[in-house]
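Thanks for coming, everyone. Please bring the model up on your screens. I will go through it piece by piece.

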Amino acid sequence: MPLHYDPSEALFVVASRFTSTIVQACFLKAEFWLLIVFNWGVAFCWYKNYIPRDEPLLEVPWDLMKIATGLLTFFIVFYTNHCFARYSQLYELVRAMLGLVQDISSELMLRCPDAAPRRRALKYIFAGIAIFFHGLGHEDGEAAMQSFEVSQLRSAQLLTEKEIDYIADFEGPRSFTVMHWALECIRTDLGTDRERYLKPFSDKVFKIRRNGDEIIQIMDLPMPFQYFHILNLMLSINLILWGYGMGCMDTFFAPAIYFVTTLIFLGMRELSGVLSNPFGDDEVDFPLTTWLLDVYNDVVYLLEHSFACDEDVYAHFPFQLIVDEDEQSEGPVGKWLTTVSDDDPDIVPIRYDPVPDVIVEPEPQSAFMRRPGRGSK
């Protein structure tokens, strides 16, 4: 689950944090410590004169290393930026899918007066989306599907036993098939005389399907392996040459600088890897279970809790338009008007004054912008 943080927090307080950081991830990698031990071993051999100090052929050409370092920096920054852009795009698609569920629930409240068909349709919608998201985090789709049905669908009672058995053996698109059942439910409830209202529901369900297809296409098209291979090749060569070159320096700061440099470059590579697939259990992965529960609770409150407003409520609007004589050229000015009730100080009723009859509009600047008035052809 992404960690929320305060951007205004002190510099050294943030930098000294260890948990839920890339520093912690790098420390768990054996390759990181292998490179550090290699650098320390070279430094020890240099200090003990096991490496000849007056042999120029054994020195690292730092002027030439600038070319390889520049290429590596460009490649790894470009790869990280690509992974983050992919991460942001997946986030927008997932949130859009969940938002469409809320739109469908609102549409159901408006079009379907009976509670039973509404509940059944929303169960199918949630079951379809849950099946889709669960399959994204598992490579073995069939085995994952079976496990998910047993542990989640039955416990949540989103589908009946007969429906679960059917969808488990279904070889087609399971997620969209279950959501299509919701459309059939809605069509049956609307009847033939109101079947024209089915289109808003089908448009939203089809939009969910298109977003899901786009997510699958993005996940199936990562950065080409050839690019990822040459990035890792350049990173390995640079880190080995840096480890040798910085180990052959007469300063105690060289191992520390190599430690930080290795941590940064390996950390960027590790961060790019977790951003490329946000459907899992990493620190930056999407909290899909939390999001689904939040949307589920919102939909339940919307479907199961109704409020009958008094007709007089609609006649009162909490915003007043006032035309000031000194500000006629600027048009009407809006002001909030509230008064405290004498009977109950906790109740703040809103006093409404009608909109003035005369509202001065600015004169259009040109004939192109002028709107046709009354009597114009």
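Gly273 sits in helix α11. Helices here are DSSP runs of H or I with at least four residues, strands are E runs of at least two, and both are numbered from the N terminus. Gly273 is partly exposed, because its relative accessible area is 35%. The cut-offs: buried is under 20% relative accessible area, exposed is over 50%, and partly exposed is in between, with a 1.4 Å probe and protein chains only. Now look across to Tyr79. Gly273 and Tyr79 are 194 residues apart in sequence, yet their C-alpha atoms are 9.7 Å apart.

A word on what you are seeing. This is a predicted model, where local features need pLDDT of at least 70, side-chain atom pairs count only at pLDDT 80 or more, and totals for chains, interfaces and linings use all residues. Residues are numbered from 1 along each chain as its sequence is written, and side-chain values use heavy atoms, with hydrogens and water left out.

Next, the whole chain. It has twelve helices and two strands. In sequence order the pattern is α-α-α-α-α-α-α-α-α-α-α-α-β-β. There are 377 residues, and 32% of them are buried. Take the contacts with a separation of 6 or more: 71% are between residues 24 or more positions apart. Contact means heavy atoms within 4.5 Å.

Back to α11, residues 253-276. How do α4 and α11 cross? Their axes come within 8 Å, at roughly 25 degrees. So α4 is roughly parallel to α11. Angles under 35 degrees count as roughly parallel, over 145 as roughly antiparallel, 65 to 115 as roughly perpendicular, and the rest as oblique. The axes are lines fitted to C-alpha atoms, for helices over the stretch in contact, and angles run from 0 to 180 degrees between N-to-C directions.

Who makes the contact? From α4, the residues include Leu72, Ile76, Tyr79 and Phe84. From α11, they include Phe265, Met268 and Arg269. By class, this contact has ten nonpolar, four polar and two charged residues. Nonpolar covers Ala, Val, Leu, Ile, Met, Phe, Trp, Tyr, Cys and Pro; charged covers Asp, Glu, Lys and Arg; the others, Gly among them, are polar.

Buried or exposed, or in between? Lys123 counts as partly exposed, because its relative accessibility is 35%. Beyond its neighbours within four places in sequence, Lys123 is in contact with Gln157 and Leu158. Its C-alpha is 8.0 Å from that of Ala182, 59 residues apart along the chain.

Last stop, the backbone. Most residues other than glycine have a negative phi. Ser20 is not a glycine, and its phi is positive, about 60 degrees. Ser20 lies in the loop between α1 and α2. Ser20 is partly exposed, at 30% relative accessible area. Asn49 also has a positive phi, near 65 degrees. Find Asn49 in the loop between α3 and α4.
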